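Please look at the model first.

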Amino acid sequence: MAYQNAYSAYQKNNVTTASQGRLVVLLYEGAVKNLGGAIKLFEADGSVKAQNIEQFGKFIQKAQAIITELQVSLDMDKGGDIAKNLMALYIYFNQQLLDGSIKKDKAKLEEIYKMLNDLLESWRTVANSTANAPAAQVRGALNIQG
């Protein structure tokens, strides 16, 4: 019990102190983890056992909720073409997840998993770059405060 409380406190602190880039990474990690969990429930014959259907649905719903959170967090005014392209991707992801979930189509889910994982790696690079760090932490950064 104490371990669970400590872990929950750690997770909460990790989120509340994260930069915006790190928060996006955490969201992508959650989507990839949940979608991966759903994919692992497929049997060799491409089916999902009846006793795993509920868990399968929960994994898909969590992945969709995270993608929706990414979608609503886009700043369409400031984001320009990047925000528009990400919006289109997120809509596509949720459509494919819904369709793949209903039809139990492992290939569709794996396609979205790969795309999410590729985006995750890109966001990790961005979040870890000096462009995402406050100027005071970057050596030789331009001081625009005067």
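Q: Which hand does the crossing of H2 and H5 have?
A: The model is a predicted one. In it, H2 spans residues 20-40 and H5 spans residues 106-128. The crossing of these two helices is left-handed.

Q: How do H2 and H5 run, roughly parallel or roughly antiparallel?
A: The axes of H2 and H5 come within 9 Å and cross at roughly 160 degrees. Angles over 145 degrees count as roughly antiparallel. H2 is therefore, relative to H5, roughly antiparallel.

Q: How many residues of the contact of H2 with H5 are nonpolar?
A: H2 contributes residues including Val24, Val25, Tyr28 and Leu35, and H5 contributes residues including Leu109, Ile112, Leu116 and Trp123. The contact also holds 3 polar and 5 charged residues. The number of nonpolar residues is 15.

Q: Is Serine 101 buried or exposed?
A: Serine 101 lies in helix H4, residues 76-103. Leaving out residues up to four places away in sequence, Serine 101 touches Phe56, Ile60 and Leu109. Buried means under 20% relative accessible area. Serine 101 has a relative accessible area of 16%, so this residue is buried.

Q: What pattern does the chain follow along the sequence?
A: The chain has 5 helices and 0 strands. Read along the sequence, the pattern is α-α-α-α-α.

Q: What percentage of the contacts in the chain with a separation of 6 or more comes from residues 24 or more positions apart?
A: The chain has 146 residues, and 29% of them count as buried. Among contacts with a separation of 6 or more, the share from residues 24 or more positions apart is 58%.

Key:
Residues are numbered from 1 along each chain as its sequence is written. This is a predicted model: local features need pLDDT of at least 70, side-chain atom pairs count only at pLDDT 80 or more; totals for chains, interfaces and linings use all residues. Side-chain values use heavy atoms; hydrogens and water are left out. Axes are lines fitted to C-alpha atoms, for helices over the stretch in contact, and angles run from 0 to 180 degrees between N-to-C directions. Helices (H or I, at least four residues) and strands (E, at least two) are DSSP runs, numbered from the N terminus. Angles under 35 degrees count as roughly parallel, over 145 as roughly antiparallel, 65 to 115 as roughly perpendicular and the rest as oblique. A crossing is left-handed if the near helix is turned anticlockwise from the far one by less than a right angle, and right-handed if clockwise. Contact means heavy atoms within 4.5 Å. Ala, Val, Leu, Ile, Met, Phe, Trp, Tyr, Cys and Pro count as nonpolar, Asp, Glu, Lys and Arg as charged, and the others, Gly among them, as polar. Buried means under 20% relative accessible area, exposed over 50%, partly exposed in between (1.4 Å probe, protein chains only).
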